[in-house]
Amino acid sequence: MTPLSSRPASSPVGQSIPHESAALHVTGRALYTDDLWVRTHGVLHAHPVQAPHAHALVTRLHTAPALEVPGVVRVLTADDVPGVNDAGAKLDEPLFPSEVMFFGHAVCWVLGESLEAARLGALAVEVDYEPLPSIVTVRQAIEAESFQGGQPRLERGDVDARLAAAAHVFSGELDLAGQEHFYLETQCALAHVDEAGQVFVQSSTQHPTETQDIVAHVLGLASHAVTVQCLRMGGGFGGKEMQPHGYAAVAALGATLTGRPVRLRLTRSQDITMTGKRHGFHAQWRAGFDEAGHLLALDATLTSDGGWSLDLSEPVLARALCHVDNAYWIPDVRVNGRIAKTHKTSQTAFRGFGGPQGMLVVEDVLGRCAPRLGIDPSELRRVNFYRAGQQTPYGQTVRHPERAVTCWEQVLTDGGVAARAAQIASFNAAHVHTKRALALTPVKFGISFNFTAFNQAGALVHVYKDGSVLVNHGGTEMGQGLHTKMLQVAATTLGVPLSSVRLAPTRTDKVPNTSATAASSGADLNGAAVKDACEQILDRLRPVASERLGVPVDAVVFAGGTVGVTGGEQVVAWGDLVSQAYYQRVQLWAAGFYRTEGLHWDSTRMHGSPFKYFSYGAAATEVEVDGFTGAYRLRRVDIVHDVGDSLSALVDIGQIEGGFVQGAGWLTLEDLRWDESHTPARGRLATASASTYKLPSFSEMPEVFNVALLERAHEDGVVYGSKAVGEPPLMLAISVREALRQAAAAFGPPGTSVELASPATPEAVFWAVRRARGDGGLPQTAPLVEGGLGVVPEQPDATARPLHPRSEQLARQTGAGD
Amino acid sequence: MTPGLRPEVTVNGVGIGLDGTDPATTALDWLRSRGLTGAKEGCAEGECGACAVMVARPGADSGTEWTALNSCLVPAASLDGQEVVTAEGLGTPERLHPVQRELARRGGSQCGFCTPGFVCSMAAEYYRDGRQPLDESARDVADDAVDDAADEAREPGHGCGANGFELEALSGNLCRCTGYRPIRDAAFALPEPAADDPLAARRTEAPPRAAATLLEGDSGRYVRPVDLADAIALLGEHPGAVLVAGSTDWGVEVNLRGARAALVIGLDRLAELRALSVGNDVIEIGAALSLTEVERGLAGRIPLLDKLFPQFASRLIRNGATIGGNLGTGSPIGDLLPALLALEADVVLTGPRGDREVAVADYFTGYRRSVRRPDELVRAVRVPVPLAPVTAFHKIAKRRYDDISSVAVAFALDIDGDVVRRARIGLGGVAATSVRARQTEAALEGRPWTVETVHAAADVLQGEGTPLDDHRASAAYRRAVLGTSLPRLYAETSPRQEASA
Ligand SMILES: Cc1cc2nc3c(=O)[nH]c(=O)nc-3n(C[C@H](O)[C@H](O)[C@H](O)COP(=O)(O)OP(=O)(O)OC[C@H]3O[C@@H](n4cnc5c(N)ncnc54)[C@H](O)[C@@H]3O)c2cc1C
Ligand code: FES
Ligand code: FES
C-alpha cells in the first residue's frame, strides 16, 4: 500500500458526514455569487443584446438609443476591449462578435443602474444583420463537410480482416442527443476594481484559473492583476468549466470602464440559449460477433456536434473514443472521430465528458444485436467483459477488471434479478397494453484528465497559533462535496478533529495555476495536495514534539487532536504543540502539490495510458411501458458502484444517485430541439426554458432505488484509498434506455430488435412499440443491417489532421509532463 | 376604494415596507433586494421551485394555512398585508427547523441552490392541516408499496409517507444534483410539529386580511380592490387593465416576455370570487379559488377534476393557479378547458350589467379569444350535476407531473348497462382552442360499449382537430395518441379484458 492511500484506523476520512455547508444550505444562508450584489454598493447590471439569427454578419451596431433609456450607463462593444476580444482558450470565440454564429449570440452588453434599465437598454440597441446560410444539424454538417479541429483515429488490429471472418456482422447508425446542464444557478459574475487597478471577480466557475486567464487577456492585463474567487456553485456539471469566462470578462470590462462593481447574471433563457451543452453525436458503426456472441471487431465513425467554436470539443471527442469499449474486450477496433461545426451554442464539458456518448454507441450495438443473435442482452454484455491482462484499444492495461464482474454479480444477487425476471415474464404474458423489462449495464470509466498537464493540483494549509486550521485548495465546490472531503483529508492527516478545520473559498491568489475541477478528479488531485501540505507541517512539528515528549522523531503520532507515541501514555494537545512550535519559530503553513504519476498519452496516435485507474459499476433497471402512449416509469434501480474506500459515504452515494438520475434525464426526457426549418427562426432553440426542457422531477425518481458501494475496494496510490465518483455513475443510466428498449421489444414477437431514438421520450418509446408490434410508425434511424462485411462507416479524409494539443507540444518542448 | 396604510409585508415576523417597489417587481426580486437571498431564481417561470416561500393563506374553517408559493411569479405588491416565511425565517444553523434538520443530515442538499425552496415546500406540507401519521393498516400498504400487488395503484414519486407526508407537495421543486431519494427520505422522516411551534400555533388564528392596496411605480400601478363592485368599477374605467389572480400565467409574461401593465387589478383575495357551493343541480366554483382550495373543497365530488388535479402543473402552482386564470389565458393546451367541456360547465361572467352565463363550449371564439367583454370578469364556473359516471382525464406529456399537455382528452360517459347513453369528450392540444370531439361523441352514443364500438370511435377521434408539430410532440404522435385514448379508457374501465383485448 502506498503512503498516499494508506488510511489510519479511525479517522475523519471515511465517516459518513453531511455536506460541510448543509446547515447553511437549508437555512438559506449559504451565499452564491449572485447573492453578493445586494450586499455591495453602487452595482451596475449587465444585459446582453442577443442576435435573432443562426448565422449573420453584423452590418451596423447603433448603441446611442440605448443611452437614451433612463438608467442606462454604458454599452460595451468590441471597441471597448483593451486586450484580446476573445472568450476562449483557443482564440476562436470572439467576445463581441462581428459575425453571429448562433441564434442568441450576444453581440454587445448594456450596463444599467438596474437590471430593468439594462434590459430596456438592450431592447433599444439597433443592430442590422446580413443573414448567412446556416448549418444546424450534424448530418447537414457532414454533408457540407463542415468540420473543425482534429480528427482522431483510434485503431487496433485489422477490423476488415476480422469482420470478414466473423459469424455475424451488423451495421447501424445512431443519433444521440446532447443535454443542457441546467445547473439550478445560472452563470453569473460580480466584478470590482480596486484603487490600484486590481481586478477582483467573483464568478460561479469550475475553473477559476482559466477565468482569470481570460479576464486578464480581455483586459490586456497580466494574470497577477486579476483575482478570481468562487464561493460555491449552484451546480456545475461541466457547464462552468469553460463557459463562465466570457461572462466574467464582460463584468470585469464593465467594472474597469465605469469604476463601479458590475454584476452579470444570465436569466435561464439567456443561459440556455447562450451556453454550451453536452455534445450530441452521430455514429455509424459495424460490429462483428462470433457464434457465442463475443464481439470481434467494431468499426465506427463518431461525429460530434461541436457547435460554433471548438471549446472543449477535442478532448471530449478523445474521451468518447476512449470509451467506446466501455467494459468490453474488442480485439479489433477502428474508431474515427470528427467534430462538426454547426451554427449552435459551442458544446462543452458535461459530466462524463464524451465518455457517455462513446459508451452509448457500444451499448446501442449490443442492445440492438442481442435479439438478432438470440442471446439475452445481459448475457451478451457479460460474456464480453474484459479479463485480466487485456488492454484497451488505446493500449492501456485494464487493471481490476474483476471489479466489474463483482459489481455485476452483486447487482444480480442483491437485486433479486432472476426472480424478478420471472415475475416480469409472467406480468408481460398477462398484460397486452403494458410491458415491463429489466436491463443491466456495466460501467468502466477512466479517471484522469486526458490532457496530462491538468493532472496537477495545489493546496495551501495554514495552521494558526491556536491550533485551528484553514485549508485552501485549487478545487471548487459545486455540490459534489469536494470541500467536505478535503476537510476530512486535512483532519485525518493532521490528526485533529473535523471541528478544528475550516475551508476557505477557492481563490486564484491563494492557490495559483489550478486545473479545472472536472474529470471527477477534484478529490484525487486536491486531496493529495492537501495531504502533502499537511504532511509538510507535521514534518516540521515532529521534532518539536519529539523534544517535548522525549521520544524519537519517527515515533510521533498525530491523532484525535493530540500528539504522542503509539500506545504511549504521554501526550500533548495539538493546540499546545502548535503554540510551542510558533514560539520556536517553526513555519506553520505549507503549500502542497501533487501530480499524478505514471500517465502517458499521445493524442496524435490516440495511444498510451491516459488514466490513473478505472472506476467500475453496474446497474439493473426495471421499467414499465404503457403501450397506449409510450409513457413509462422507473420501477426499481439497483446499483453497485466502485468508489474505492469511500472518503465520505453520504457524499459518494449522493453522487451516484444524482448522477444516475441526471443520466436518465439525458437519455429519456431531456430534449434539445433546435429549429431546423428554413424560416427566420432557423437555429433557434425551441426548448429554451424550464417549461419546455424537462428535467427529471420527483415523478422520475426510481420508485425503489438501492445503491451500494463496492466493498473491499481499496485503490492503491490514491488519496486514502479512494476513487473518483463524480462522473462514472451517470453512465449507469444507460440501463434505463436499454430497459426501455427491451420493454418496447416485449410488445413484439420474441427476437424483436428495437431501434430506439435518443432521448427515449414517451413519443420515441411509443414509436418503438409501434415498430415492435409491426404497426409501422415513424422511421427514426437507419434500420439495422445484417450480413456481409457490413456498411463501412464513412472514413475521414486522408488529409485530416489528428489531435495535436498545444499542451502536449509545450510539455514535450520542455521535457516535462511525461 | 381606500388603499390601506403604507404597503408592507410581514416577512419572518418583521414588517418590511413595499415603498419604492415597482408593481412589476416579483416577490422574489423584492425579497432578494431586501437582503433575503435564501430564495433563489432558477427559472423565473414557476417550474423549479427554487423561489418557493410560505405564505399565510386562509385554511379550512377560519384558520390559516401555510401555503407554499412560487415567489418568482407573484407581484410583490400582491403580498401587501400578508405574512411570508422564508428558509431564513424557519431556522438558523444553530437551531435548525425539523425540515431543515432532516434535509441536512440525510444528504438532501448537494449544491444547495434548490434547497431553500424545497425547505419551504416541505415545511408547508409539514404544517398541513390534516397531515397525520397513517394508522397501522394504512402504513402497511405504504410499506408494501414496493410489492407487486400494492404498487399497481401507486403513483411514482407521489406516494405518502407513514407520517402522512404527501410527496406531491414537492412536485414543483426541481433538484439537479441529488436524484431526490434523500429528499424523499427526509420528508418521510418528519415528526409532528412540536407543541410550542409558533408557526403551528399561527394556524389556529385568522388569516391576514386582504388589504386594499395601491402601489405605483415606473411601470404602472397595482391595485387590489376592496370588493367585487370596486373591481368592476375599476375595470370599467380601465378596460385595458390586466386582471391577476394566481399570477401563474401573468408572472411568466412579466418575467420571460417583458410584459408590463399600466394597471394590474389583483383579484386573488376577492371574497365574491372565492366561494364554493354544492347544490342539488349545480356545483359552483369561484373563479379566484386556488386549484388546491378547489381540490380540497370538492373532496372528490367531481371525480373528473379529481383525476385532473394531480396532472395539472405542481402543488406549488396549484396553490396559486385559479380557474378564472385558466379561462382568462384560454390556452389551447390548458387542461381545465377540456375537462369543463366534458362536464358541460357554464362560465359565469360578471360586469356592470350583472351576471351572465355562457356555456364553456361557446366561450372561446378563437385562439385565446372569448366572448368575455372588456368590462367583464369571470366570477365562477358552474358544473351541472348529476355527473356522468365514467370519467377519465388523459394528459399526454413528456414528464408525468408538472408538464404541459401535448394532448389532453377528458371523457365523461354515461354508460347504462352496456350502452353508451351520453358521451362528452373535451380535447386540448388539437386545435386553436379546446374543442368538443362531437363526431366521436356521436360515434359512441346509443352504441354498445364494446371493443368494436371503441375501435370505430377511436378512428373518428383520431381524425378530430388538426394537431400541430412542435417541440413537445409531432403531429403524428398527437394524432396517434388521440387514437389510442378510447381503447385505453376501455381497458381502464374493463380491466378483465386486458389480456384478451
Ligand atoms: C409551471 C407552470 C405549470 C403550469 N402547468 C399547467 C398545466 O399543467 N395545465 C394548465 O392548464 N395550465 C398550466 N399552467 C398555466 C396556469 O397555471 C393556469 O393557466 C392557471 O389556471 C392560471 O391561473 P392564475 O390564477 O394563476 O392566472 P393569472 O396569471 O392570474 O391570470 C391569467 C390570465 O387570466 C386572466 N384572469 C385571471 N382571473 C380572471 C378572472 N377571474 N376573470 C377574467 N380573467 C381573468 C388574467 O387577466 C390573465 O390574462 C402552468 C403554469 C406554470 C407557471
Ligand atoms: S424561480 Fe423557478 S419556480 Fe420560481
Ligand atoms: S442540491 Fe443542487 S439542485 Fe438540488
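This is a short tour of a predicted model, stop by stop.

**Before you start.** Residues count from 1 along each chain as its sequence is written, while chains are lettered from A and ligands numbered from 1 in the order in which they are written. In this predicted model, local features need pLDDT of at least 70 and side-chain atom pairs count only at pLDDT 80 or more, whereas totals for chains, interfaces and linings use all residues.

**Stop 1: chain A as a whole.** Select chain A. It holds 20 helices and 30 strands (DSSP runs numbered from the N terminus: helices are H or I, at least four residues; strands are E, at least two). Its radius of gyration is 27 Å, close to the 28 Å of the globule rule for 818 residues, so chain A is as compact as a globular protein of that length. The radius is taken over C-alpha atoms, and the rule is 2.2 Å times the number of residues to the power 0.38. The C-alpha trace spans about 85 × 75 × 50 Å along its principal axes. Of the 818 residues, 63% are buried (20 or more other C-beta atoms, placed from the backbone, within 10 Å of the residue's own).

**Stop 2: the sheet.** Look for the open, mixed sheet of eight strands in chain A, ordered β3-β5-β1-β12-β9-β10-β11-β20. Strands pair if DSSP finds at least two bridges between them. Its edges are β3 (72-76) and β20 (506-507) of chain A. Now select β3(A) and β5(A) (106-112): they pair antiparallel over four bridges. Here A:R74 stands opposite A:L111.

**Stop 3: a helix on the sheet.** Select α7(A), residues 244-258. α7(A) packs on the sheet, and the strands it touches include β1(A), β9(A) and β12(A). Its direction makes about 30° with that of β9(A) (lines fitted to C-alpha atoms, for helices over the stretch in contact; angles run from 0 to 180 degrees between N-to-C directions).

**Stop 4: two helices.** Next, α9(A) (313-321) and α10(A) (355-373). Their axes come within 7 Å and cross at roughly 35°. The contact joins A:R319, A:A320 and A:L321 of α9(A) to A:G355, A:Q357 and A:G358 of α10(A). Contact here puts C-beta atoms, placed from the backbone, within 7 Å.

**Stop 5: chain B.** Show both chains. The contact takes 70 residues from chain A and 73 residues from chain B. Which element of chain A gives the most to this side? Select α17(A): it gives seven residues.

Terms used: Two residues are in contact if their C-beta atoms, placed from the backbone, lie within 7 Å. A residue is buried if 20 or more other C-beta atoms lie within 10 Å of its own, exposed if 12 or fewer, and partly exposed in between; C-beta atoms are placed from the backbone.
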